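Colleague: Hello! Could you help me learn to read this structure, one feature at a time?

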Amino acid sequence: MADKTVTPFLIFWHKFKRQKSALVAGIFILLLVLAAIFAPVIAPYDPYATDYSLAMMPPSKEHWAGTDVFGRDILSRILYGARISLAVGLSSVAIGAIVGVTLGLLSGFFGGFLDELIMRTSDVLFAFPGILLAIAVVAILGPGLVNVIFAVAIFSIPTFARIVRGNTLAIKESLYVRAARSMGASNSRIMFVHIMPGTLGGAIVYFTLRIGTSILTASSLSFLGLGAQPPTPEWGAMLAESRDYIGVADHLTIFPGIAIFLTVLAFNIFGDGLRAAFDPKIR
Amino acid sequence: MKTKHWMFVLLAILLIFPASLFAQGKDIIYASDSTTNTLDPHNTSDTYSGAIERAICQGLLGFDKNLNIIPLLAESYSYNETATEYTFKLRKGITFHDGAPFNAQAVKVNIDRLRTGKYVRSSLMAPVKELQIIDEYTVKFILKEPFGAFLNALAHPGALMLSPAALEKYGDEVRIHPVGTGPFIFSEWVSGSYVLIKKNPNYWRGTVKVDSIKFVPVPENGSRVAMLRAGQAHYIYPMPAELIKLVENDPKIEVIKQPSIIERYLILNTKSKPLSDERVRQAINYALDKQAIINIAWGGAATPADSIFPSALPFYKKQGPWPYDVAKAKALMKEAGYENGFKVVFLTPNATARLRATEMAMQQLKAIGITGEIQSMDVASFYDKLSKNKKETVGETPFIAFGGWSSSTGDADWATRPLLSTEAFPPNMSNYGFFQDPNVDRLIKAGLTSADPKIRAKAYAELQDYVWLKAPWGYLFVDTLIAAKSKNLKGIYPMPDGAFTVEEAELVQ
Amino acid sequence: MLKYFLRRCISIIPVLLVVSILVFLFVHLLPGDPARIVAGPDADEATIQKVRIELGLDKSLPEQYLTYMGRLFRGDLGKSLRSKLPVAQEIALRYPPTLYLAAASMAWSILFGVFFGAYAAMHRGKWQDYTAMVVAVSGISMPQFWLGLLLIQLFAVHLGWFPVTGFTGKWKELVLPSLTLGATVAAIIARFTLSSFLDVLQEEYINTARAKGLVERVVMWKHAFRNALIPVVTMVGLQFGFLLGGSVVVETVFAWPGLGRYMIESVSVRDYPVLQALLLLYSFQFVAINLIVDMLYAVINPEIRYK
């Protein structure tokens, strides 16, 4: 070790790889991303090809996850759907997090009028139920996936803002921030160097939770006809479209359900590992 | 901190009500996907509210289970040859639930109320010029012009008779205090939860065999079926076709099927370039595999459309169904010069079954080169979009939209005029595809302006022959209504228009 | 502190004022014509126009806004376009069912969420940790409609322990919907409890406490709990706000006569006065809850001061 330069990345990696479960989750996510990218190569069938004579076949050797109402191969649709669901989940939460964390920091740190303004605005945003918000976004921008991403993103902003603000309030009063301030550190330095890392724990955890929620929110939006338009194989849409068959052909909901479940689980465990690895207090 | 948790638990326990008793006896629970909007028949626009009103109130005329017109509060009726004068002899000795007598004066109060033009169903009485009271039990309607479907207007739930005393007492608040002459007396309406009606002990047509009926809205398909299976509902409507497998082997449950007057079709924008060509529209009809759409998208609960309106309506004449023949469809496309196909937009409401049907139509039309994207939206947006199209500009956007229609008067006129006549262009009525043909306008008028069944039959037969081949729509299917009930319940039936009748309801052991 | 509290209370008024304008614009922005819906699917334009006039929808938007605000200041929320009943009465009918459901769900969630979270934190890295978290995460990654329908199948249809749907005031009716609704919230609370405990457990003063030879359980409950609670309280407050809005999915699946279903019904018929009133109510609830949450911060951690 002595002849190597110790970079922050190495510290991070050293700490991260100790978390075996997070490593597994990370590998799963990586595989999922690869599956999404190479879906055309690995999918056994065309996800859009219908064959009414094969409608709603249970899982078999030819169709591992069975076929849907139109006789389409569910496994192929899930593989293609990974692209869409991951894109919706990640990008909507990312947009929401960036805006929300910034607002929360500003709000908690400066307090006063700015705090009041940001928090009351987020109250207003909160007050609009997500589904109504989505209808509004779609009414203005038209239906489609990109607009769903915006709708879900807007919905995430206030929660990020409130979490980060709560932590900021606590850290602001802590000894080491007071120390930094007495040493003459600038506002932005205190905010981004001393406070932000401490608030990220909560935000990252929420980020990973939120990816799953976003995928599910996209599902309810699809159900309202505001999400991915058919025949797009978005997981949530597959689930929502198939709920008429619960109890009759359960494989229609179970496989997309499992895909969502595993993905959310992986992001959670992975996020946990990240949190531990980022934490300067853990050695 | 522990105490805080216990406080929450305590709070939850306190908030939970003490258990009340289960009402047993001859009380029926009817679970439906719909919600009651009003109980004022003259101001009702939805089938479900109208059906509940029919259990409380009655009209001069009514429909039997097969949608034939029968006299109810009128004993008999007659009309003149030109369909401008209709005379009704009223039944004697009938009183409203509040004791007010039913007589010519009561009829006049109700018809006059409709004729103020203030109500949603005022249009039913729009043809009336004058209502004359001949004697206490005889009334005569004089119409402005011949109107052949006037009997249907009087059988419509919008023309039910309310107690004049109640109208006096409550005014328009009668919507939450309906008083009629029917087999059940209105008892309670808790908005969003249920409507409760109770047996009328003095019903003029005989003994009512159950004590009460509670109408409960249960929007989720799976939950409604679960209620029936768990014995918490006696009757559910609609019974989702996809889930019939779950109940068909249950010895306590019976599934009821009823042909409806609801026809489904693809509205083709006949003003837009490729779809304005009759051959293209015929090609679309050849390319649609109706039976596959029924089986897969509609759970098998439909029959292929074989005319421009369903067979349960009067003056129906069988035409089809249109054969499924892709080769012929391709030939027609080639003949029309669209061998390589074209692009359209598929519009649909986002209810799952309709979305599935539209998706399948899209898959099938791809075979003849018609491609496009689906735009699904909620019902309000869907009709808003269609009704905002203008005659002058609609041709610029070729669309195919999933449409459906139920003739609420149970007459052929209301199954054709609002959909195919020039006067029905949006926003006025529902000719969303802007289909325009002078011959069609002429035949519709011929059917409307006579009360003579022979003349009307001839006009509508000719109309059906003609429009079927003109193909303003991609004809799909006629819904089969499915309800399910517990086997010990008898006497509740779905009606072809999606309503129901509960008058003969009975619980047997 | 009291001054801060009062100032926050007063600040509610301008918030609601802004909300009222936004809400008004918002509902009128939705595509769809309430008059067309009230008049029914087969109405002609003349009838629709009549309804439009009756409902006051023929007037210009600014005129409608002034009428609406005028009424609002007199405490009148207007009448539902669909049922013609006073909106206040309609909401009053549906508020208790949603409140009971929210309270019951919250009770489950806090109980299970904090327990699983704290349990996992105490057994960090062992199998108990993973099991607790997998259980918690399954709550959030299962679509509510699916979970609800599965619970109905098992406990209502097959076992017959609980009623399938509806709410008439019996405690049994609350069990399945509150479990369905609580599962998501419990998962969120468990995650927050865990991460927040872990953060706190790494703090110096905990190590000091441990070094002083305090028993682990005492460390957990006395020192860690208090500080770990801040983010959890934030989350509980937020989640309770969501729950008070009523859950569209759970209320639909369980035919629950609450606000969530009412909202989605009102959206589908474009019932402007109802939507406006509901959104105002939601805003008020959130502002109030956030105020309480902020006050609780100070109670839990006296180091936070409000000026």
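Modeller: Gladly! Buried area is the accessible area, taken with a 1.4 Å probe, that two parts lose on being put together, summed over both. Keep in mind that this is a predicted model.

Colleague: How much area do chain B and chain A bury between them?

Modeller: The size of an interface is often given as the accessible area lost when the parts come together. Here chain B and chain A bury about 1900 Å², with 55% of it on carbon and sulfur atoms. In terms of contacts, 20 residues of chain B touch 20 residues of chain A.

Colleague: How many salt bridges does the rule find across the interface of chain B and chain A?

Modeller: The rule finds two salt bridges there. In a salt bridge between A:Asp244 and B:Arg356, the side chains meet at 3.3 Å, N to O.

Colleague: Which helix of chain B gives the most to the side that touches chain A?

Modeller: Helix 11 of chain B does, with eight residues. Helix 7, helix 9, helix 11 and strand 15 of chain B each supply at least two residues of that side. By type, the residues on this side of chain B are eight nonpolar, seven polar and five charged.

Colleague: Now to the strands. In which sense do strand 1 and strand 10 of chain B pair?

Modeller: Strand 1 (residues 27–32) and strand 10 (residues 212–217) of chain B pair in the parallel sense, over six bridges. Within that pairing, B:Ser32 stands opposite B:Pro217. Strand 1 of chain B also runs parallel to strand 11 (residues 235–237) of chain B, joined by three bridges, and B:Tyr30 stands opposite B:Tyr235 in strand 11.

Notes
Residues are numbered from 1 along each chain as its sequence is written. Chains are lettered from A and ligands numbered from 1 in the order in which they are written. This is a predicted model: local features need pLDDT of at least 70, side-chain atom pairs count only at pLDDT 80 or more; totals for chains, interfaces and linings use all residues. Side-chain values use heavy atoms; hydrogens and water are left out. Two strands pair if DSSP finds at least two bridges between them. Helices (H or I, at least four residues) and strands (E, at least two) are DSSP runs, numbered from the N terminus. Contact means heavy atoms within 4.5 Å. A salt bridge is a side-chain nitrogen of Lys or Arg within 4 Å of a carboxyl oxygen of Asp or Glu. Ala, Val, Leu, Ile, Met, Phe, Trp, Tyr, Cys and Pro count as nonpolar, Asp, Glu, Lys and Arg as charged, and the others, Gly among them, as polar.
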